[in-house]
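Hi there,

Here is the structure I promised to pass on to you.

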Protein chains: 2
Amino acid sequence: MTEADTGAPFRPIRPGDTVGILGGGQLGRMMATAAAALGLKTHIFCPDEDAPAYDVAAARTIAAYDDEAALERFARAVDVVTYEFENVPGRTASVLARLVPLRPGALCLATAQDRIAEKSFVADLGIGTAPFRAVDGEADLAEALEALGAPAILKTRRFGYDGKGQVRIGPGDRPKDAHAELGGAPAILEGFVAFSKEISIIAARGADGAFAAYEPCLNEHRGGILHRTSLPAGIPDALADKAIAAARRIAEALDYVGVITVEMFVVDGDEDILVNEIAPRVHNSGHWTIEGAETSQFEQHIRAVCGWPLGSTRRRGEVEMINLIGDEIGTWPAILAEPGAHLHHYGKANARPGRKMGHVTRVVPHR
Amino acid sequence: MTEADTGAPFRPIRPGDTVGILGGGQLGRMMATAAAALGLKTHIFCPDEDAPAYDVAAARTIAAYDDEAALERFARAVDVVTYEFENVPGRTASVLARLVPLRPGALCLATAQDRIAEKSFVADLGIGTAPFRAVDGEADLAEALEALGAPAILKTRRFGYDGKGQVRIGPGDRPKDAHAELGGAPAILEGFVAFSKEISIIAARGADGAFAAYEPCLNEHRGGILHRTSLPAGIPDALADKAIAAARRIAEALDYVGVITVEMFVVDGDEDILVNEIAPRVHNSGHWTIEGAETSQFEQHIRAVCGWPLGSTRRRGEVEMINLIGDEIGTWPAILAEPGAHLHHYGKANARPGRKMGHVTRVVPHR
């Protein structure tokens, strides 16, 4: 790691200081309220005119991520910078990191933004992934399909999220159509994985190298979008330990500071995991921690990026978190009326289909 | 109750709407973050240039409470108004209530602002208070002391808080000096109460008349300022029921909407309570609810003033909340390093002696 990765020299952060956050969505919003509880101010940098996070931040900069003058003013106005999304452009990160500590650093961004780099990095650590091949053109695709077999999933190398930028190639499908569907963008072909469960590890690494993971959580998707996260995940303890150890190895290899999320498939009769994706940030599958754990992922992330000690990841009971997607947010009155249900409404004006509008968490306490 | 008490006609509040809050201190700040979790925007009205609540609010108005033009603009910009302090001037309340629903209403403000009105109101409900006499001049004071005996406590009728505006008159003291110490202001003499404990009931009443109380909490003061709140309070169940019933009678008589706090003395060998003070707002002795109860007092208050259902008041374990007063806030690094301790730093710049700078909550879960 070089200084360019982690940003300008770090001076101790104290309450009253300002955390800069790139991105103004619900993750930035929940990070900002967690920071406020700790006495910190937040400053949101986001191109959107009416991002949900502005409502709970001390300051906002509405500008494009390539507006270097705006980035420099932002960097000089804050004490540390973090982000709520992994697609922070490399140039944006480096402009900021020259002036202010950027946490997590640039290396994890570069790794997480490119599915080939990500999978190669994980595989190089001796951790399993789905079999994969880079696909830059039609010839590559044919060769990759030959090697991995159908069904397989073709994904854009960059900028995919919530099932966007991916297409399944079944035994009878024409690979050419699939590639065309992705606009011919540089892609990765991933072999089919017969998994029994999808889990994720939400973990944090402190500036001092301390590591703290929450228990693995079980994720269920609908239409490529996370629908439900629950704990306990119902996997053997040994597998949970293995999953957490893999996340730790990844965080350490990235010299990571902050909350990191590692999505995994459970395979081989609940005896092994394959890493599916790394998100260098707080994550939807960690929203349960707000009420379900002693320290929320948002507070944990703020603690880490400020160079403070990590908090307890102890779970408070059996937990489920259900996303409210699109017009599902219309159920908010029923959720408010349900004893013990915790409504989180992100304050977004338009409930477009597929848009994450809120979530609800239910905790059944340990007896 | 007349419409003038509760404000302009109420229309249903929905996420995306704006809650106006009078006062920008830590109570407003914690109310604002609770409102944000429910998808609401907040607008803080406060005369201070740098009030802590601004940092987590969508909008602010910095103006005096008697600036009627500013109040009218504020009222038109929000969907409901509430407040974080009981000394909202009557004129401020009435200017606002003409334009927008004011919750809780004006009647409870008038009652809580005047110690004579407050105690008379409570006594008229058949609920015990310390014996008291109004003191408007020297003659009154002599007569009152004659009736109640020494020691007794002379308090200003209005604007007292955190032990300010009160002086103890012991058997040998000159009553004249005590009254002079209060600047000769209209006062109340309260007879000595031999209490074993101080408790408070934090409760909420919904717009539909629903009522929900947290369990009584035990309060310990130092130098007139709340030092520690803990639960369980260690009082008999029958007394807890009696205390909650008294708070309910008070809330109903005020046609109250929102969170109300009733401070009480435990007397007669833990068999009875006397009401000491009513605060028409969220309260320092309710901060434990953020982590210690299923719904925080701040969310509960927001639910009530929005006309939404009240949340569960279930307690999560044994709880203690300790205030960080003045330079005690300097212990924040140790609190962050303590597993399971929840730091709340209010983001105030100057740690003046006696100033509430933050608090820490510890919860030992039920086994």
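Some housekeeping before the details. This is a predicted model, so local features need pLDDT of at least 70, side-chain atom pairs count only at pLDDT 80 or more, and totals for chains, interfaces and linings use all residues. Residues are numbered from 1 along each chain as its sequence is written, chains are lettered from A and ligands numbered from 1 in the order in which they are written, and side-chain values use heavy atoms, with hydrogens and water left out.

The interface

Taking contact as heavy atoms within 4.5 Å, 38 residues of chain A are in contact with 38 residues of chain B. The area buried between the two chains is about 3,100 Å², and carbon and sulfur atoms give 54% of that. Buried area here is the accessible area (1.4 Å probe) that two parts lose on being put together, summed over both. On the chain A side, A:Asp55, A:Trp332 and A:Leu336 lose the most area to chain B, together 19% of what that side buries.

Two salt bridges are counted between chain A and chain B, a salt bridge being a side-chain nitrogen of Lys or Arg within 4 Å of a carboxyl oxygen of Asp or Glu. B:Asp55 forms a salt bridge with A:Lys41, with the closest N and O atoms 3.0 Å apart.

Which elements give two or more residues to the side of chain A that touches chain B? They are helix H2 (26–37), helix H12 (332–337), strand E16 (341–345) and strand E17 (356–365) of chain A. E16(A) gives the most, with five residues. Helices (H or I, at least four residues) and strands (E, at least two) are DSSP runs, numbered from the N terminus.

Inside the chains

For burial, the cut-offs are under 20% relative accessible area for buried, over 50% for exposed, and partly exposed in between (1.4 Å probe, protein chains only). A:His283 sits in the loop between strand E14 (272–279) and helix H10 (289–292) of chain A, and counts as buried at 9% relative accessibility. Leaving out residues up to four places away in sequence, A:His283 touches A:Ile202, A:Thr261, A:Glu263 and A:Gln297.

In helix H6 (residues 115–124) of chain A, the buried residues include A:Ile116, A:Phe121 and A:Val122. A:Asp114 caps the N-terminal end of H6(A), with a side-chain oxygen 2.8 Å from the backbone nitrogen of A:Ile116. After H6(A) comes A:Gly126, whose phi is positive, near 80 degrees.

Salt bridges

Over all chains, the search of the whole structure finds 44 salt bridges. One of them joins the side chains of A:Arg205 and A:Asp255 (3.1 Å, N to O). This pair links distant parts of the chain, 50 residues apart: A:Arg205 is in strand E9 (residues 197–205), and A:Asp255 is in the loop between helix H9 (237–253) and strand E13 (258–267) of chain A. A:Arg205 counts as buried at 11% relative accessibility, whereas A:Asp255 counts as partly exposed at 32%.

The side chains of A:Arg248 and A:Glu252 also meet in a salt bridge (3.0 Å, N to O). These two are separated by about one helical turn, because they are four residues apart in helix H9 of chain A. Finally, A:Glu220, A:Arg228, A:Glu320, A:Glu338 and A:Arg362 are linked in a network of salt bridges.

Best wishes

Notes: A polar contact is a pair of N or O atoms within 3.5 Å; within protein, one must be able to donate a hydrogen and the other to accept it, and residues adjacent in sequence count only if both atoms are side-chain atoms.
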